[in-house]
Amino acid sequence: MTNESAAPGPDDVVCASADLSLDVSTASTGFNPALQRVPQIETTSAPLQLRPDFVPSWKPRRIAIKCIGLTLPEGEEFLPSEEARETSSDGTNLRRIERKKQTAKSEATDSSKQKQTRVKPPPGAVSLQDRLFYLLQPPLETWLAGQELIMPFEPFPYQYEGIAWLFARHSGLLADEMGLGKTMQTITGIRLLLRAAQVRKILLVCPKPLIPNWQREFRLWAEELPIATIEGNSTRRRMLWTMPGVPILITNYEVMTRDLPEIPEEERPQFDLLVLDEAQRIKNRDSRTAQVARSVDRKRSWALTGTPIENRPEELTSLFEFMDVVPKRAAPDLRQLSKLADEHILRRTKDLVMTDMPPRIDRDAELELTNAQESAYRYAEKEGIVQLNDLGDAITVQHVFELVLRLKQITNYDPLTGESTKLERLTADMEEIAASGGKAILFSQWTKSLDWLDERLQPFNPLIYHGGVPTKKREPILDKFKEDPNAHLLLMSYGTGAVGLNLQFAGYVFLFDRWWNPAVEDQAINRAHRIGQKNPVIVTRFICAKTIEERIDRVLREKRELFEAVLGDGDNDNVSLSMNADEIFGLFDLKARSDDGSRSIGPASPKAA
Amino acid sequence: MSALEVDGRGHVGGLLVTSHTGRPLEFQCTTPVKPDRTQEILYGRALRPWLLGELIGSTLLDRVSIKPDLVVVRDDEMLELRNHTQTPVACLSNTEESTHNSRSIAGRQMHFHSGHSTDSEFIESRAHLVPDQADLEEPLERVHEALTETVRTVLAR
């Protein structure tokens, strides 16, 4: 064996070859001879390597980490000064935090841990930092309980949701049904935005009569917030418009419309938030009020109204234009409006939020006229239409309206014979109600019908409550209806009985004839179906088949369905779903002679009854 | 402080600095950190404490401008952070049982790094500063949501 290479350098490759040839000789075979054979061994030498061929090595190293972060507005004041940043180390100097003052509320809200209303980033928040800002906010319940934000009453869960929704909205329309607390939700939303340093200057515009209400509510829900009401002479108002230091200005639509255009553009105040209460005031996008509202320099736009649509879905477009969610002069179709509504409108109704209320069961009683009623009705209708046609171009909506009223009266009862299919049905139902000790309220458009019913329903001890009853006698009537177990029926007119009364001890409501507007009917029904009602409320609407009542019902249903397509289900508070002139002419296949097809007909309000 | 494992990409960590009433002041989070195979083998059982506590935790704590007085974590392995900072670190316990190394703050049991017994006394002396109704776990849920949102946004890019 030979060594072919010289001594290798440290970096050279060591190559060595070994001759493995061995002398081979034949030997006797067999095991024993093999044992006697001496093994032949030859040796060869190889130089030692100076370094090992391969040494795995590893040292711990720190993985480079990148960070993403944001300092929230409230954190700014906690940032150390430049000097402190250079000298202090982690946690060595503990900053003392003050113990929160214990309030009665904080001690009593252990249950708040169970409810968690989180602020969600609005759909329009695109940047990660914007979205993180909202996601990192604490649940509203702990936020409001954890700071010295005294809440005089515990908000309902749906109100917490409304506050969280408003907080995260640059453009939002809060369209809760009247009475669900839009004012409180708005004030608390403003309060939290101010706390989170998201807004500094706010303008709230409302109808003039509502200003004292807003002032009172601000004192109740946010007493620590300074507010100023823009009122007085023009000099004082001008001073108030531009006065620094007051975070919240309240004014009415007329003052806003008059004052702001008069202020030179460079001096006009800028607002972080503009709130329009009863925002249907700007439903006409070409109105001066709407134009001025849109011209206000602002970062956020909130609108509040219980009736976002009064007559036409297009009215929403003006509100959306104010909220800067549609381009100027845009004309979105119904589908687009519905999509925008999903994103920018929050609407809750009592039906949806007061889930602990017993249900309201609606049933339409479709009745066939009696023979005498049928004859009287057909005669009146035929004669009436002939007369209307004879009027030619002189026909007005009032002429048609008078015919409608006459026909409706006949569906209540035939004035000649006194026959009434509605009375027959009512008597049958009342026998059952009285037998079970129940109480019912009946509504009619006419006091004359109520008096007529009073005479014929004496077995049920009816009580009458309408505009003809002197005011001082009204309260005792209601007391008697509540207390007297034999008084099973209260006969009321829509005008006098539809609003403001609490009759939740009555379990049955009859709509003897139909009002022009289903929202007024709902208000009437809500006398019985309201907070405090412990049993389901059964509502019976009397509708005579193949009569004007059926046609009116169809028109009103179609209108309601149209609005629900935009605003969603559960909506029952569009107080202006009245029929317009075109629709009332259409009841008799007539065309309106007037160009003003949107003019409402019928009494302006149920007070006429 | 909390961390989240992202499928196949490692861990992300987040630190939310809040006021004593839970209002958010500052937030920092990391990009995903993934140990290599060698680190996995050599660190063995110490891998997660090293990753979550030393690596991610101390990076976040260095990074925040508003230095917290106390770091609250939910993961025992993050207590390792305490070996790399002077700031006390408390871990929310899953049980109501108290031990010599735990304290109850605002109705929650918390335990501490066994090598830093003074932390327990430190917290005890300052427990009165924490509002009674404070929910010490809730901010960690916010961190979790913010991390999820960040990961979702970054992956979508």
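Read along the sequence, chain B runs β-β-β-α-α-β-β-β-β-α-α, which amounts to four helices and seven strands. Helices here are DSSP runs of H or I with at least four residues, strands are E runs of at least two, and both are numbered from the N terminus. The model is a predicted one, so local features need pLDDT of at least 70 and side-chain atom pairs count only at pLDDT 80 or more, while totals for chains, interfaces and linings use all residues. Residues are numbered from 1 along each chain as its sequence is written, with chains lettered from A and ligands numbered from 1 in the order in which they are written.

Of the 157 residues in chain B, 42% count as buried. A residue is called buried if 20 or more other C-beta atoms lie within 10 Å of its own, exposed if 12 or fewer do, and partly exposed in between, with the C-beta atoms placed from the backbone. Contacts between residues 24 or more positions apart make up 52% of those in chain B with a separation of 6 or more; two residues are in contact if their C-beta atoms, again placed from the backbone, lie within 7 Å. Take B:Ile123, which sits in helix H3 (residues 118–126) of chain B. It has 19 C-beta neighbours inside 10 Å and therefore counts as partly exposed. Leaving aside residues up to four places away in sequence, B:Ile123 touches B:Pro88, B:Ala90, B:Arg103 and B:Ile105. B:Met110 is 13 residues from B:Ile123 in sequence, and their C-alpha atoms are 9.7 Å apart.

Chain A has 23 helices and 14 strands. Of its 609 residues, 35% count as buried, and among contacts between residues at least 6 apart in sequence, 73% join residues at least 24 apart.

Where the two chains meet, 41 residues of chain A are in contact with 43 residues of chain B. Strand E1 (67–71), helix H4 (128–135) and helix H5 (140–146) of chain A each bring at least two residues to the side that touches chain B, and the largest share, five residues, comes from E1(A). By class, that side of chain A splits into 19 nonpolar, 13 polar and nine charged residues. Nonpolar here covers Ala, Val, Leu, Ile, Met, Phe, Trp, Tyr, Cys and Pro, charged covers Asp, Glu, Lys and Arg, and the others, Gly among them, count as polar. E1(A) also pairs with strand E3 (residues 24–30) of chain B, antiparallel and over five bridges; two strands pair if DSSP finds at least two bridges between them. Within that pairing, A:Ile68 has B:Cys29 in E3(B) as its bridge partner.

Six bridges join E6(A) to strand E7 (residues 297–304), and the two run parallel. A:Leu273 has A:Arg300 in E7(A) as its bridge partner.

Now for the helices. Helix H7 (residues 182–195) and helix H8 (residues 211–221) of chain A pack at an angle of about 55°, with their axes 10 Å apart. That makes H7(A) oblique to H8(A), where oblique is whatever remains after under 35 degrees (roughly parallel), over 145 (roughly antiparallel) and 65 to 115 (roughly perpendicular). On the H7(A) side, A:Thr183, A:Met184, A:Ile187 and A:Thr188 meet A:Trp214, A:Glu217, A:Phe218 and A:Trp221 of H8(A). This contact has five nonpolar, two polar and one charged residues. As for helix H21 (residues 518–525) of chain A, eight of its eight residues are buried, so it is largely enclosed by the rest of the structure. Among the buried residues of H21(A) are A:Glu521, A:Asp522 and A:Gln523.

A:Glu278, not a glycine, has a positive phi of about 50°. A:Glu278 is found in the loop between strand E6 (270–276) and helix H11 (288–295) of chain A, and its 18 C-beta neighbours inside 10 Å make it partly exposed. A:Lys546, likewise not a glycine, has a positive phi of about 55°. A:Lys546 lies in the loop between strand E14 (537–544) and helix H22 (548–567) of chain A, and with 13 C-beta neighbours inside 10 Å it counts as partly exposed.

How values were computed
Axes are lines fitted to C-alpha atoms, for helices over the stretch in contact, and angles run from 0 to 180 degrees between N-to-C directions.
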